Amino acid sequence: MKLKTALMGAVATAALGQMAYADAHEGERGRDGEVKVIYWQAPSILNPFLSGGTKDIEAASLMIEPLARYDSTGALTPWLVDEVPTVANGGVSEDLTSITWKITEGILWSDGTAFTSADVKFTYEYCTDPESGCAQLTKFDGVTSVETPDDLTVVVNFGGPTPFPYGPFVGGESPIIQAAQFADCMGAKAPECTDENFGPIGTGPFVVTDFRTNDVIQLVANENYRQAGKPAFASMTFKGGGDATAAGRAVMETGEFDYAWNLQLAPDVIASMEAGGMGTPVAGFGPLVERIMLNQTNPDQSLSAEERSVIRPHPFLGDPAVYKAMSMAIDRPLLVEVGYGQAGRVTCNWVPAPAAVNSDTFTCDVQDIAGANAMLDAAGYLDTDGDGVREANGVPMAILYQTSTNAVRQDFQALIKEWWSEIGIDAELRNIDASVFFGGDPGSPDTFQKFYADVEMYANTFNGTDPQAYLGNGLCDKAPSPASQWQGENISRFCDPAYDALHAQLTTTADAAERASIARQLNDIMVAQGGMIPLVHRGRLSAHATSLGGVDLNVWDSELWNAADWYRTGDNR
Amino acid sequence: MLNYTIRRLVLSIPTLLFIALVIFLLLELAPGDPMGQMPLTIPDDVKQRMREALGLGEPWYTRFYLWLYQFFVVEPQYWIDGIFGTNFADGAQRIISFQSRSPVFETIAERMPQTLWVVGMSYIVGVGIALPIGIISAYKQYSVFDQAGTFVSMIGFSVPPFFSGVLLIVIFSVNLGWLPSIYDTTHQVVDWETMKFQFQQMIMPVMVLALQTTAQVSRYMRASMLDNLGQDYVRTARAKGMTESIVIMRHVLRNSMIPVVTVIALGIPSIFGGAIITEQIFKVNGLGQLLILALQGNDIPMVMTITFLLAVMIVMFNLIADILYGVLDPRIRYD
C-alpha cells in the first residue's frame with residue numbers, strides 16, 4: 001500500500017512538473033517542434049548591410065543581433081550587453097563623445113566560438129568600408145573609431161558630442177556579424193560572399209540550414225543560444241512570397257502558418273479572415289504617418305527644369321488660410337475607417353510616436369467644411385467666375401495631387417478630392433507606380449523627390465525611438481534640387497531659419513525630457529507652417545495562430561525580435 | 001536537313017545578340033531604380049553609394065559588354081569547372097543579382113525544379129487532354145461532346161487564373177481543408193507518402209494552368225481536323241475500304257498535327273518563363289515569380305538573364321518546330 005501511494009505520488013509529481021512547464025512555457029529547447037512564418041515579401045538576402053529592405057532585416061534578426069534593442073514599448077533594452085550605457089551609469093562619457101558597451105560574458109556564436117568585442121569592431125569596419133555600399137551606413141554617422149580595450153568591452157568614439165549615442169549596434173538595422181565568417185568579404189568583395197550573405201553565423205535563437213532567395217528559409221534552433229530552454233521550437237520554416245491576402249488566409253483561415261507579417265489589408269478583409277478562427281490579428285503603432293506634403297516651391301510646368309519645384313514660393317499653398325482650410329476639410333476618422341481600421345488612428349502630427357514626442361497642440365478629428373469655406377472667404381480667395389473653383393490672384397486654385405499606385409491611396413485621393421471640391425479647390429489626381437515614384441531616378445519626372453505636383457501623399461517613418469534624424473528632414477539644406485541630383489529628404493522644401501536653429505539645439509541636448517520637448521516644438525512648426533497635412537497614424541498589423549504564444553508585436557525593432565520566446569500553447573503542444 | 005539546321009543555328013547568333021541588346025536597352029530606358037524598394041529611412045546619398053557598389057556608375061555600353069562577357073565566357077567556365085573539377089574561371093565575377101547579390105544562375109537552377117514540376121506538368125496534362133478533345137470534337141462536330149468541349153475551352157480562355165486559382169483555394173483549402181494553399185518548395189519526394197503530398201500541393205496550380213493550355217490547344221486541334229476531314233484524300237481513303245480508325249488516326253490526324261505541333265512547340269519556352277500569376281497565387285515561387293520580383297525590384301542582371309534565356313529557347317523551339325514539319329510531312333524538304 002505504501003509503495004502504491006508513493007508511486008502515485010511520484011506520478012502526480014511528474015504530472016505537476018509537466019503542468020508547471022505548460023503554464024510557465026518552459027522546458028527543454030526545441031520541445032514544440034516546428035513553427036511556420038510567412039512574409040508576403042520574400043527575403044532576398046540575410047545580410048542587412050547589403051539590403052535595407054525590412055523583410056531582409058527582419059529575417060536576418062533571427063540570426064544576428066545588436067548589442068541593445070527596443071522592446072515592444074519602445075524602451076531601450078540590453079540584448080548582448082549587461083546594461084544600456086548612460087551618462088548616469090558612466091557608460092556614456094560626460095562630454096557625450098564616447099559610449100562604452102560591456103558585453104555579457106559567455107555569449108557564443110552559433111558555431112560555438114566566443115562572441116567578442118573584435119566582432120563588434122569588425123562590423124563597424126565592414127559597414128564603413130567605402131566600397132561596400134552599406135545600407136546601414138547612417139547608423140555609424142559621426143563615429144570616428146571603435147576601440148576594443150578587452151574582449152568584452154567596446155568603446156565607440158564620436159567626432160563630436162552626440163546626445164543620442166544609440167545609433168551604432170542598436171536595433172535590428174545594426175546587428176553584429178561574425179568577424180571570422182566575413183573576414184574575406186570586405187568592401188568590393190561583399191557581394192561575392194553568397195554563402196555568408198545567405199547564412200550569417202549569429203548569436204540569435206535560430207541557425208539557417210537552407211536559404212532560397214526570394215522563396216523560403218529553413219532554420220533550426222541554435223544549440224549555443226545563451227538562454228537555456230529557448231527557443232521552444234526546434235525548427236522554423238520562413239516562407240516568402242505571394243500577397244498579404246494569401247498570407248493572412250494561411251494563418252487565420254487555413255491554419256497552415258503560425259505567423260503572418262504586415263497584413264496591409266482592408267479592415268473588412270481582416271475581419272472576415274479573423275472569423276476563420278485559426279488566428280488573431282495584432283496591431284502596433286510606430287511613427288509611420290500617411291501625410292499630404294505641400295509643395296513650398298512652384299511646380300508650374302511652364303518653368304524650366306532648373307526652376308520647376310525649385311523657386312519659391314508656391315502661388316497660393318504657402319498661405320496659412322489655404323493649407324489650414326485644406327486640412328479642416330478632411331474627415332480623418334472616415335479615412336481611418338476606410339483605409340486602415342484597427343491599424344490606423346487619426347493624427348494631426350508629423351511625429352505621433354513615441355508617446356513622449358507626440359504633440360497635443362492640434363486637434364483635427366472633426367471635419368469642418370463650413371469653417372474652411374469661411375476661412376478661405378475671409379482670406380480673399382473667392383470664386384469670381386462662378387465655375388466652382390476659387391481664384392488666387394486671378395489664377396484658379398487647381399492643384400495636381402499625386403501619390404503612388406495603391407488601392408487605399410486611390411480611395412483617399414478620391415475622398416479628399418471630393419472634400420476639397422466642396423471648399424472650391426480643384427484637385428487633379430495622379431498615381432504613379434511605386435517603383436518609379438519612390439525610385440529616386442533623377443532622370444524621371446515622376447519621383448516623389450522631384451515633386452512636380454502641388455501636393456503628394458505617401459507615408460514615412462523612422463527606425464528606433466529617437467526622431468532627431470527624422471526631424472532633420474525639415475532642414476532647408478535637405479531640399480532636393482537639380483544641384484543635388486534631386487536627392488534630399490526635405491520633400492516639401494520646407495524652409496524656416498527658426499526650425500533649423502531649433503533642430504541644431506536638439507543635436508546638442510542630452511536630457512531626454514528636453515529632447516522630447518524640442519521634438520514636439522519642431523513637429524508643431526512643421527505642421528503649423530504648412531509643410532504637410534498629416535492624415536493617418538498607421539500601425540503595423542500582423543497575425544499569429546491562436547496556438548502560437550509569446551508573440552509581442554514590436555514596431556520599434558524587428559517583429560521577430562522575441563522569436564526565442566515563442567511557444568506552442570495549450571493542446572497544440 | 002543537317003545543312004539547313006546548321007545554317008539556321010549560325011543565323012540565330014546575330015539574332016540573339018540583337019535581342020540581348022534590345023532587352024538591355026529597354027531595361028536601361030525604362031524608369032525605375034534598384035533602390036526604389038528600399039525604405040525611405042535610408043538617405044539618398046547612402047542609396048547612391050549602394051548603386052555605385054552595384055556597378056551602376058558605369059556607362060551602359062560598359063555594363064552591356066560586361067554582361068555579355070559574363071554570360072558567354074565566365075558562366076560557361078564555371079559550368080565546366082563544376083563538371084570536370086577544373087579551374088578555368090579562377091574566381092572571375094559571375095552575373096550577380098542586384099537583389100540577393102548571389103549568382104543569377106544559381107537562383108535560376110534553384111527555381112527550375114518547381115517550375116518544371118508544376119508548369120511543365122500542367123503543359124503535359126493540358127496537351128494530353130486537349131488532343132483527344134480536339135479530335136473527337138471535330139469528328140463529331142456539333143454533338144453534345146463538341147458543345148461541352150467548346151464550353152470548357154471558352155471557360156479556359158475567359159477565366160483568368162487570378163480568379164480560378166483563388167476560387168480553388170477558397171473551396172479546397174479554406175472550406176474543405178483538403179489541399180494546402182501554399183506550395184512547399186523544400187518538399188522532397190522520397191516515398192509514397194511524400195509523393196502523395198507532392199500530388200496534393202501540385203494539383204490545384206496544375207489544373208488552373210492546364211485548363212488554359214487545354215482551351216488553346218483543343219481549339220487548334222479541332223479546327224485543323226475539320227480542315228482535313230473535308231479533303232478529297234479522306235474520301236479516297238474511305239473509298240479504298242479503310243477502317244474509320246485508320247482514316248482518322250493515320251491520315252487525318254497526321255496531316256492535322258502540322259499546325260498543332262507548331263503551337264505546342266512554341267508553347268514550350270513559355271514553360272520556362274514560369275507562370276507569373278499562378279505561381280504568385282499558389283506561392284510556387286518558380287521562375288515566373290523570380291522574374292516578376294526581379295522586374296519590380298529593377299534587378300537588371302536577373303531580368304536580362306531570364307529574358308535572354310527565354311529568347312534563346314524561343315529561337316531554338318522555332319527551329320525544332322520547323323524540323324518537325326519535315327518529319328510529319330514528307331512533302332516538306334528544306335535542302
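Helices (H or I, at least four residues) and strands (E, at least two) are DSSP runs, numbered from the N terminus. Under that scheme, Asn175(B) lies in helix 6 (residues 161-175) of chain B. The structure is a predicted model, in which local features need pLDDT of at least 70 and side-chain atom pairs count only at pLDDT 80 or more, while totals for chains, interfaces and linings use all residues. Residues are numbered from 1 along each chain as its sequence is written, and chains are lettered from A, with ligands numbered from 1, in the order in which they are written.

A residue is called buried if 20 or more other C-beta atoms, placed from the backbone, lie within 10 Å of its own, exposed if 12 or fewer do, and partly exposed in between. Asn175(B) is exposed, because 11 other C-beta atoms lie within 10 Å. Asn175(B) and Tyr325(B) are 150 residues apart in sequence and 48 Å apart in space, C-alpha to C-alpha.

In chain A, helix 14 (residues 497-506) has Tyr499(A), His503(A) and Leu506(A) buried. Seen down the helix axis, the directions to the C-beta atoms of these buried residues fall within an arc of 50°, so they line one face of helix 14 of chain A. Pro497(A), Ala498(A), Ala501(A) and Ala504(A), on the other side, are exposed.

The contact between the chains (C-beta atoms, placed from the backbone, within 7 Å) is summarised by chain below.

| Chain | Residues in the contact |
|---|---|
| chain A | 48 residues |
| chain B | 46 residues |

Key
Contact = placed C-beta atoms within 7 Å.
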